[in-house]
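User: I would like to go through this structure with you, topic by topic. Could you take my questions as they come?

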Amino acid sequence: MRAFVDALAQRGELLRVDEPVDTRFEISAWLAQLAEGPAVKFDQVTGYANPAIGNLLNSLDRIALGLDISRDEMQQRIVAAIEQGITPERVAHGPCQDTIVFSPDLRREIPAPVFFPQETGPYITAGVIFARDSRTGKGNVSFARVKLLDDGDGEKGNRGMVGIAPNHHLAVMARDAKARGETLPIAVTVGNHPAVLIAAALYLRLGDDELACAGTLLGEPVRTVPCKTIDLDVPAHCEWVLEGTLDIDEQHEEVLVSEFHGMYEPYGSGPVATFHCLTRRNDALFQIIEPGYYPEHTLIGGVAIAAGLARALRAVAVPVREVAVGHGGCGRLSAVVSLNAHRAGDARKAMFALWGSVNLIKNITIVDEDIDPWNPSQVEWAVAACMRPDRDLLIVPGVRTDRSEPIKQGGVATKLGIDATRKADDRPDWTRAVPPPDVMRRVAQRIAARGEGEPGATGRSPLDP
């Protein structure tokens, strides 16, 4: 993460807040106000020795920068990482273990914020959780929020509720461990390279190696170090590591928690982890992802999910160019698919394939290859100009969804497909009225030279890909 933070600073995209800030709502307010702006580093967090940082990956361009690739190649690189990973490489020592604290008091050590009024405690929101099945040896790397618990009896608070759904792979592994009479060792890492964050958000099969995917995104193996108290390896260059065990039978009532759609959800109880050891860099930065309907939260998941969906469409021979799961659709609920040269029926085939791949995907819009699926204006144009409601809408009631769907009923939701591709029978000519590309490029260069920005540096129309 350090190199990425330095790159943001050099680009003028890092705001340093040198005045004291409170973990109770104040950090959250800074990140919310600047949700689409610079990364924010809090040099003085009241009551804590370590600084905090947030809003690192709050746009597609930032994610591409963090992965050191262009936006145009980002999705294909992630798909390639799923298909061909690079095995992690263990090293003897990493800076994440410069400082070691046994039996830590987490609420005194970690500057985790309280984000919103109806939530009932501070959360680690950028925690990537590592686990491995002791019987099969298969590992799992995933995201989950960790609510730091206050024992309230004068003892050190070394426990946290891990916010996972019953079908989450981590929950499956914890149940399997309990069936063998074990608790599941886990390590929560904070302050990871963007490649590790994107890999942790992928929807893979249980046992597939997310850290190998991160290696492909990096272009080299992720260096790992063995934990001090449990049999797990973690990224050597992350900022913080919490080592502990997850007991599926010990539950904590979460009450309400903010979700990606921007509202609160009453998920009930979640399993509790006990952390016996904390390691960190000597000058560790505590990374924060603003939860709820904020772009860093939605886009880290959306970019990863979109790549998985593109791969799923290619597997069933749908001529997909790119899939977008953007901020406007909460990074989970809406997908836009641009198709290359396609035939009648491909649009609906794509819809059913996506609904079958990810339960949360509810609304799907299919567009032609010259529409950028990540560009809301272009997608809206396609729907307005190319979609005929009596022919191009598909409504499917009673489809399985997940617990975070905001208007689910009995675990199901109605799903909507919109075919916004051009049809030859609708009009004889779909040619767009725009200036010639070479003139657009020439004028764009002149505008840039005058210091007016680069609104059309590629010479494209706003409707061009």
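Analyst: The discussion below covers confidence, charged pairs, aromatic rings, cysteines and backbone angles.

User: To start, what kind of model is this, and what is the mean pLDDT of the chain?

Analyst: This is a predicted model. The chain has a mean pLDDT of 94, with 96% of its residues at 70 or more.

User: Where does pLDDT stay under 50?

Analyst: That applies to residues 454-463. The model has 19 contacts beyond four places in sequence for this segment.

User: On to charges. How many salt bridges does the structure hold?

Analyst: There are 32 salt bridges in the structure. One of them joins the side chains of Asp 283 and Arg 2, with 3.2 Å from N to O. Asp 283 belongs to the loop between strand E17 (269-280) and strand E18 (286-288), while Arg 2 belongs to helix H1 (residues 2-10), so this pair ties together parts that are 281 residues apart in sequence.

User: Which residue does Arg 62 meet in a salt bridge?

Analyst: Its partner is Glu 13, and the N to O distance is 2.7 Å. Because Arg 62 is in helix H3 (residues 60-67) and Glu 13 is in the loop between H1 and strand E1 (14-17), the pair ties together parts that are 49 residues apart in sequence. Arg 62 counts as buried, with 6% relative accessibility.

User: And Arg 90, which residue does it form a salt bridge with?

Analyst: Arg 90 pairs with Asp 233, and their closest N and O atoms are 2.8 Å apart. This pair links distant parts of the chain, with Arg 90 in strand E4 (residues 89-90) and Asp 233 in strand E13 (residues 233-235), 143 residues apart. Arg 90 is exposed at 51% relative accessible area, whereas Asp 233 is partly exposed at 21%.

User: Which residues do salt bridges with shared partners join into one network?

Analyst: The network consists of Arg 391, Asp 392, Asp 419, Lys 423 and Asp 426.

User: Now the rings. How many aromatic pairs does a search of the whole structure find?

Analyst: The search finds five aromatic pairs. In one of these, the ring centres of Phe 115 and Phe 116 are 6.0 Å apart and the planes lie at 40°, so the pair is tilted. Both Phe 115 and Phe 116 are buried.

User: What about Trp 240 and Phe 286, what kind of pair do they form?

Analyst: Trp 240 and Phe 286 are edge-to-face, at 5.9 Å centre to centre and 90° between the planes. Trp 240 is in strand E14 (residues 240-253) and Phe 286 in strand E18, so the pair, whose members are 46 residues apart, links distant parts of the chain. Trp 240 is buried at 1% relative accessibility, and Phe 286 is buried at 1% as well.

User: Which residues do ring pairs link into a cluster?

Analyst: Phe 115, Phe 116 and Tyr 294 are linked in this way.

User: Which residues have a charge or an arginine over a ring?

Analyst: The charged end of Arg 427 sits over the ring of Trp 430, at 5.7 Å from the ring centre. Arg 432 lies over the face of Trp 381, with 4.6 Å to the ring centre.

User: Switching to cysteines, how many disulfides does the search find?

Analyst: The search of the whole structure finds zero disulfides. For Cys 96, the closest cysteine sulfur is in Cys 238, 4.3 Å away, which is too far for a bond.

User: Are Cys 96 and Cys 238 buried or exposed?

Analyst: Cys 96 is buried, at 0% relative accessibility. Cys 238 is buried too, with a relative accessible area of 1%.

User: Last topic, the backbone. Which residues other than glycine have a positive phi?

Analyst: Phe 25 is among them, with a positive phi of about 75°. Phe 25 is in the loop between E1 and helix H2 (26-33), and is partly exposed at 29% relative accessibility. Cys 330 also has a positive phi, near 70°. Cys 330 is in the loop between strand E19 (320-324) and strand E20 (334-339), and counts as buried at 10% relative accessibility.

Technical notes:
Residues numbered from 1 in each chain as written. Predicted model: local features only at pLDDT ≥ 70, side-chain atom pairs only at ≥ 80, totals over all residues. Heavy atoms only, no water. Salt bridge = Lys/Arg side-chain N within 4 Å of Asp/Glu carboxyl O. Helix = DSSP H or I, 4+ residues; strand = E, 2+ residues; numbered from the N terminus. Buried < 20%, exposed > 50% of the residue type's maximum accessible area, 1.4 Å probe, protein only. Phe/Tyr/Trp six-rings, centres within 6.5 Å; stacked < 30°, edge-to-face > 60°. Lys NZ or Arg CZ within 6 Å of the ring centre and 35° of its normal. pLDDT = per-residue confidence, 0-100. Contact = heavy atoms within 4.5 Å. Disulfide = S-S within 2.5 Å.
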